[in-house]
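This report concerns salt bridges in a protein model. Please examine the sequence and structure below before reading on.

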Amino acid sequence: MDEGAVRRILCEILGVGENATEEEIHKGYSEQAKKWHPDRVQHNPELAAIAEKKIKDINQAFDCLKSRAEFDKHGAKLARKTQSGLASQVNSNKSAPPKSK
């Protein structure tokens, strides 16, 4: 997988475009971290497990995009893992957390 493809997937995790600025990446990270924080769905063990996985991916994607060393070390692995997981979530109702009240 080439570096551009890895960056594109990491940006998708954060909900930003692949040419996102540092500020846009940080904003995307904040939005996704709030959306998928496990505390929001602690009442539902099944959703909490999904949120735990998502928040780990969100944190790692953010770390990879803000640090070249992290990108080189973990970026491709996270992109491959995410890419293989996307196919299984396309038709799943579990791919989004419940709406805030």
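Which residues are linked in a network of salt bridges? In this predicted model, the network joins Glu3, Arg68 and Asp72. The whole structure holds six salt bridges, and three of the pairs are described here.

| Pair | N to O distance | Relative accessible area |
|---|---|---|
| Arginine 68 and glutamate 3 | 2.8 Å | arginine 68: 47%; glutamate 3: 45% |
| Arginine 8 and glutamate 18 | 3.3 Å | arginine 8: 35%; glutamate 18: 34% |
| Lysine 66 and aspartate 63 | 3.9 Å | lysine 66: 57%; aspartate 63: 29% |

**Arginine 68 and glutamate 3.** The side chains of these residues meet in a salt bridge of 2.8 Å. Distant parts of the chain are linked by this pair, for arginine 68 belongs to helix H4 (residues 68-89) and glutamate 3 to helix H1 (residues 3-14), 65 residues apart. Arginine 68 is partly exposed, and glutamate 3 is partly exposed as well.

**Arginine 8 and glutamate 18.** A salt bridge of 3.3 Å joins these two side chains. Arginine 8 is found in helix H1 and glutamate 18 in the loop between H1 and helix H2 (22-36), so the pair ties together parts that are 10 residues apart in sequence. Arginine 8 is partly exposed, and so is glutamate 18.

**Lysine 66 and aspartate 63.** Lysine 66 counts as exposed, whereas aspartate 63 counts as partly exposed.

How values were computed. Residues numbered from 1 in each chain as written. Predicted model: local features only at pLDDT ≥ 70, side-chain atom pairs only at ≥ 80, totals over all residues. Heavy atoms only, no water. Salt bridge = Lys/Arg side-chain N within 4 Å of Asp/Glu carboxyl O. Helix = DSSP H or I, 4+ residues; strand = E, 2+ residues; numbered from the N terminus. Buried < 20%, exposed > 50% of the residue type's maximum accessible area, 1.4 Å probe, protein only.
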